[in-house]
Amino acid sequence: MKPKLLIILSPPRSFSSVVSTMIGQHPELYCFPELHLFVADTVGQILDREERRGRNYAGPPGVLRALAQLHHGKQTTGTIIKSGAWLLDRRDWSVKELVDHLLEQVSPMIGVEKSPVTCMNPGFIRRAYSCYPDACYLHLTRHPVSTCKSMEEYFNERKRVQKRGGRNELLELDNLLIWYAMHRNVYEFASILPPGQFMRIKGEDLLSAPDVYLPQVADWLGVRTDLEAIDDMMHPENSPYACVGPAPARSGNDVKFMRSPQLRPGRVKEPSLSRFLDETEHLWLSAQGEAVLGEIGVRFRSDAEVVTAIEGMAQKMGYE
């Protein structure tokens with residue numbers, strides 16, 4: 001029996017936008033934008049969380065874009081506003097009721113959901129599993145050095161934008177520790193799942209040889225593996241969410257992906273972790289890093305422990 005939902009688990013900057021969209025272009029699948037829903041129990045809590053984050057619209061951008069597309073067949077400022085009003089009227093819905101509604105809109109296709117924030121906290125992953133214990137879970141990985149550099153680029157851009165807007169503070173997070181912690185959360189979750197319900201894949205492998213790995217993903221999900229179906233997956237740019245959305249919901253996916261969503265052929269290189277660690281002077285146990293890890297119960301007694309943990313996690317995934 002085919003699953004109703006595929007949940008992709010990955011930290012930010014792990015090729016998740018392009019990979020999830022590629023998978024969702026299969027004729028039997030439908031990829032939503034980032035929904036950011038498993039961080040709370042109810043729609044009302046989701047809306048309150050967005051308000052605390054300073055959002056000037058009703059709900060996560062990905063949810064609004066998905067509702068606009070599925071309810072109205074297009075994403076415009078008008079349909080986004082209507083979708084926000086629809087969401088406000090359902091504050092008492094559970095998160096599961098909202099996701100179930102989205103899945104009904106795309107049935108009989110399998111829904112594809114990827115929100116990197118889900119991996120930030122073990123409780124978020126447990127909530128996703130409690131709502132969808134029969135879902136398939138795909139763990140998408142990326143080399144820690146590439147992830148770290150991409151995160152740094154992202155946070156620096158946010159800092160630049162916030163400074164321009166008059167906000168000069170941005171939490172300096174330890175990107176390698178975030179990478180480690182989020183993958184640790186996924187590994188611990190995966191340990192409770194039977195092999196057929198869980199799959200792990202390196203993003204570099206999939207993007208370097210999509211003709212090899214996309215059929216494997218399709219076969220795992222029990223959907224078509226013929227050339228036509230796989231060719232559809234090679235065109236993430238055909239997704240209705242592979243572009244910047246209308247105001248006031250412009251995001252919902254990685255900005256760089258939305259600006260250039262076409263698949264780029266060629267081998268994705270993997271840098272050297274050992275060289276990076278040797279050449280980088282870094283305050284591993286920063287106050288911010290300790291705070292982030294402390295929230296999920298991860299403690300290190302020394303810098304050496306941090307390095308050992310990161311190297312061990314990388315090796316488990318096949319990175320050097």
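What percentage of the 320 residues of the protein count as buried? In this predicted model, the share that counts as buried is 54% of the 320 residues. The secondary structure of the protein is made up of 15 helices and five strands, and its accessible surface comes to about 15,100 Å², of which 50% belongs to carbon and sulfur atoms. Among contacts between residues at least 6 apart in sequence, 78% join residues that are at least 24 apart.

- Threonine 21 lies in helix α1, which covers residues 16-24, and it counts as buried because its relative accessibility is 2%, where the cut-off for buried is under 20%.
- A polar atom of the side chain of threonine 21 lies 2.6 Å from the backbone oxygen of serine 17.
- Leaving aside residues up to four places away in sequence, threonine 21 touches Ser16, Cys31, Pro236, Ser239, Asn253 and Phe257.
- Asparagine 175 has its place in helix α8, which covers residues 175-190, and with a relative accessible area of 10% asparagine 175 is buried as well.
- Although asparagine 175 and lysine 149 are 26 residues apart in sequence, their C-alpha atoms are 8.3 Å apart in space.

**The second largest pocket**

- The second largest pocket has a volume of about 430 Å³, and of the 18 residues that line it, the closest to its centre are Lys2, Pro3, Lys4, Leu5 and Leu103.
- Helix α5, which covers residues 95-106, gives the most to the lining of this pocket, with four residues.
- When the lining residues are divided by kind, eleven are nonpolar, one is polar and six are charged.

**Cis peptide bonds**

- The peptide bond from serine 107 to proline 108 is cis, with omega near 10 degrees, and proline 108 is found in the loop between α5 and β3 (110-114).
- Alanine 247 and proline 248 are also joined by a cis peptide bond, with omega about 5 degrees, and proline 248 is found in the loop between α11 (227-233) and α12 (255-259).

- Histidine 36, another residue other than glycine, has a positive phi near 55 degrees; its place is in the loop between β2 (29-31) and α2 (43-52), and at 16% relative accessibility histidine 36 counts as buried.

Methods:
Residues numbered from 1 in each chain as written. Predicted model: local features only at pLDDT ≥ 70, side-chain atom pairs only at ≥ 80, totals over all residues. Heavy atoms only, no water. Helix = DSSP H or I, 4+ residues; strand = E, 2+ residues; numbered from the N terminus. Buried < 20%, exposed > 50% of the residue type's maximum accessible area, 1.4 Å probe, protein only. Polar contact = N/O pair within 3.5 Å; in protein donor to acceptor, adjacent residues only side chain to side chain. Contact = heavy atoms within 4.5 Å. 1 Å grid on protein atoms, 1.4 Å probe; cavity = no way out; pocket = protein on both sides within 12 Å on 5 of 7 lines; lining within 4 Å. Points joined across faces, edges and corners; volume = space filled by probe spheres on them. Nonpolar A, V, L, I, M, F, W, Y, C, P; charged D, E, K, R; others polar. Areas by Shrake-Rupley, 256 points an atom, 1.4 Å probe, with all protein chains shown as cover.
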